[in-house]
Amino acid sequence: MDITEYIKLVFTDYTLRTITLGTAILGAVTGMLGSFAVLRKQSLLGDAISHAALPGIAIAFLITGAKDSNVLLLGALISGLIGTFWIRGIISKTHLKSDTALGLILSLFFGFGMLLLTFIQKQPNANQAGLDKYLFGQAATLVESDVWMMAIVTGICLFVLLLFWKEFKILLFDADYTKTLGFNTKLIDILITSFIVLAIVLGLQTVGVVLMSAMLLAPAAAARQWTNSLSVMVFLSAIFGAFSGVFGTAVSASQNNLSTGPVIVIVAGVFVLVSFIFSPSRGLLFKQIRFIKNRRDLKLHKTLAFMYNIAETHENISHPHAIKILNNFQGYTKATLQKLVQKNYVKLDGTMWSLTEEGFKIASNLYNQQNDNNE
Amino acid sequence: MSSAQIEIQLIASLVAIACAIPGTFLVLRKMAMISDAISHSILPGIVVGFFITQDLNSPLLILLAALTGIITVVLVEYIQKTGLVKEDTAIGLVFPILFSIGVIMIAKNANDVHLDVDAVLLGELAFAPFDRLIVSGIDVGPKSLWIIGSILIITIGLLFAFFKELKISTFDAGLAASLGFSPAVIHYGLMSVSSITTVGAFDAVGAILVVALMISPAATAYLLTNNLKRMLIYAICFGVFSAISGYWLAHWLDASISGSITTMLGLLFLAVYLFAPNKGVIAVMYREKQQRTEVSLLTFLLHLKNHTEERERHVNHLNEHINWQKVRSKTVLDLALKNNMIKFDKNIVSLTEKGEDFTSQAIDYIITNEDAQIEDMKDDFFLFRG
């Protein structure tokens with residue numbers, strides 16, 4: 001199946017439409033909430049929570065004995081929240097640092113989850129097959145009710161986000177100030193963390209425990225490069241997330257043997273890479289270009305300053321001098337000289353150069369900060 | 001106990017020791033999450049190595065995969081240096097992407113590769129004794145035992161050789177640099193050892209257990225001691241204890257060995273987290289309560305000292321003036337009485353001589369901003385703590 005066929009099928013084929021919609025919604029909601037995780041420096045929390053959700057899935061299955069995805073996700077949610085609050089407990093009550101706390105909870109919960117999963121596998125319950133899809137996720141198992149569930153949760157998230165936008169924003173950038181203003185910071189904090197946990201849990205079925213953190217981070221990290229405004233970032237991040245979901249599904253559906261989760265993550269990774277390189281204000285490419293341009297300007301200024309020092313010793317500033325004497329000066333090349341001529345700072349006459357009136361003025365003010373046309 | 005069981009426990013214990021040593025330093029250097037990143041991102045390295053060598057236990061594969069681990073660290077540091085995102089985001093971006101590449105590489109070649117992601121991530125210790133190393137026709141033991149054994153010997157050798165350097169650069173990177181030890185060399189050395197240990201252990205116990213074995217024994221030990229040597233020893237003991245008890249738990253439950261070892265590590269950590277003598281949650285909460293009462297006591301004594309008039313020192317008045325809840329005022333009063341700092345005279349409270357002394361010293365310290373001294377002073381005056 002190639003891409004054009006895929007596009008045709010999206011509108012006709014039930015399964016493909018469900019999966020595409022599901023991954024798109026998932027990408028949007030994780031991207032949206034991921035912005036907060038990234039800005040709150042809780043990027044790795046997503047990784048820890050997604051691993052910590054595993055025992056919850058197993059326990060929910062052990063209790064109910066059924067594979068109802070909503071019940072399993074509820075278990076995951078509870079276990080993820082326990083993990084999150086334990087991480088906070090470790091950080092605030094002991095001298096262990098946040099990275100240790102995250103790594104601890106991540107590996108311990110996951111190991112316990114694996115113990116339970118292998119324990120379940122030995123049980124004589126035919127229902128248990130397929131629980132391990134939560135490890136790496138299987139978008140193909142999405143059904144319409146799952147998508148509805150995601151859509152509803154996304155709607156609630158969006159509603160709460162808009163309702164408490166001001167509170168979230170101020171907590172994000174100045175927690176102390178928020179407290180002095182009389183907001184209940186603890187409550188806002190718990191609210192946003194719970195939503196992050198919720199978004200992660202939603203994604204477990206589709207991309208799995210291991211790769212979920214990238215779904216949370218990548219769109220947000222990409223969006224961060226294009227803007228400094230929170231609302232734009234959340235919006236962009238949701239768009240990037242949704243597109244990663246759609247493209248990822250498209251690519252994995254058009255190839256054999258490709259599971260959706262990893263492909264979505266790689267597509268999101270491409271978004272990040274492109275943003276890192278090509279973002280106009282922060283991107284590496286433009287940064288490098290600006291760097292080179294600045295260096296050139298500096299060289300030009302040095303040449304001009306050198307000329308100025310020579311011209312200063314003469315009564316007539318436009319007194320011609322031989323180009324040769326410039327050779328003693330390091331930053332000089334024919335190209336820079338040509339540039340100076342273009343800017344009408346210098347006149348060339350055969351092998352002689354002379355400063356113009358304008359050039360002299362610019363040069364004398366070069367380091368005075370007053371001329372704002374430094375470019 | 002059959003010989004296979006002994007071998008499994010031996011392998012698990014050796015892995016635990018090999019992980020605890022670099023793990024201790026990772027925890028102290030606040031780089032615990034790097035081990036998680038490495039354990040995931042070695043997957044593409046393992047896959048490429050497997051294509052080349054066709055043998056999961058070949059040393060070349062271990063080196064290649066360890067190289068991917070180091071590439072991860074370098075990549076994370078590069079992204080972080082660009083300043084585009086914070087360090088934790090950089091870690092969180094790099095390893096899932098590398099891991100995804102690994103998963104896709106396996107999926108695309110699923111037919112001719114005897115390797116699956118579950119095995120890499122979770123390992124299967126129970127099968128480790130069946131893969132024997134045969135040297136000139138003689139069976140000398142399981143391959144993983146030899147691999148992890150050699151890694152352990154190298155790690156211990158490096159630890160003894162560079163203990164001083166590691167210690168200084170961990171606790172005071174600036175001093176280490178000024179003394180002429182390159183922090184970069186030690187940093188990348190530690191990263192290399194961690195990567196190699198992770199790769200050497202993943203086959204036996206799986207990538208996630210490696211993370212658990214690196215971080216949790218060290219974190220548990222860190223709650224019990226501040227001494228580096230002791231911390232290393234404790235971490236090793238915890239690791240080995242969980243490895244062996246975890247094996248028997250798995251035996252009893254008939255479940256995954258790596259899962260049960262992690263669970264034992266978790267229980268151990270939980271116990272220490274709650275009950276550690278100085279840094280456990282219960283100890284911390286008790287100390288906080290004690291300090292709260294003692295601060296209240298000090299406030300109360302200061303109030304008494306400031307007011308000579310009887311009206312201000314009447315029990316009823318104190319209750320409403322200082323506005324503590326009944327229970328709290330009772331604990332504070334009891335404490336003051338027990339320590340012989342106040343006396344009652346017809347419902348009028350006044351300071352004893354000892355109380356006077358204590359209060360004036362406390363005022364001195366507060367005025368001169370030497371609040372820390374109050375703790376020492378408490379030892380001198382208090383017979384009973386709050």
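Predicted model: local features only at pLDDT ≥ 70, side-chain atom pairs only at ≥ 80, totals over all residues.
**Ground rules.** I number residues from 1 along each chain as its sequence is written, and chains are lettered from A, and ligands numbered from 1, in the order in which they are written. Local features need pLDDT of at least 70 and side-chain atom pairs count only at pLDDT 80 or more, while totals for chains, interfaces and linings use all residues.

**Entry 1, the interface.** I looked up contacts between the chains, counting two residues as in contact if their C-beta atoms, placed from the backbone, lie within 7 Å. I found 53 residues of chain B in contact with 49 residues of chain A. On the chain B side, the elements giving two or more residues include α2 (32-53), α4 (87-108) and α13 (281-306). Helices here are DSSP runs of H or I of at least four residues, strands are runs of E of at least two, and both are numbered from the N terminus. The largest share of that side, 14 residues, is from α4(B). I sorted the side by class and got 32 nonpolar, 14 polar and seven charged residues. In this sorting Ala, Val, Leu, Ile, Met, Phe, Trp, Tyr, Cys and Pro are nonpolar, Asp, Glu, Lys and Arg are charged, and the others, Gly among them, are polar.

I took a nonpolar core as a set of buried Ala, Val, Leu, Ile, Met, Phe, Trp, Tyr and Cys residues joined through C-beta atoms within 7 Å. Buried means that 20 or more other C-beta atoms lie within 10 Å of the residue's own, with C-beta atoms placed from the backbone. The largest core has 194 residues, of which Val15(B) and Ile148(B) touch the most other members. Helix α10 (residues 185-224) of chain A gives the largest share of this core, 24 residues. Beyond its neighbours within four places in sequence, Ile148(B) contacts, among others, Leu14(B), Val15(B) and Ala201(B). I also noted a second, separate core of 12 residues, including Leu301(B) and Met341(B).

**Entry 3, the sheet in chain A.** Three strands form an open antiparallel sheet in the order β1-β3-β2. Strands pair if DSSP finds at least two bridges between them. β1 (321-322) and β2 (346-349) of chain A are the edge strands, each pairing on one side only. β1(A) pairs with β3 (residues 352-355) of chain A over two bridges, and His321(A) has Trp353(A) as its bridge partner.

The unreviewed UniProt entry marks residues 21-39 and 190-218 of chain A, among others, as "transmembrane region". Residues 21-39 are 100% helix, with end C-alpha atoms 27 Å apart. Residues 190-218 are also 100% helix, with end C-alpha atoms 23 Å apart.

Definitions and conventions:
UniProt positions renumbered as here; feature names shortened; annotations may be inferred.
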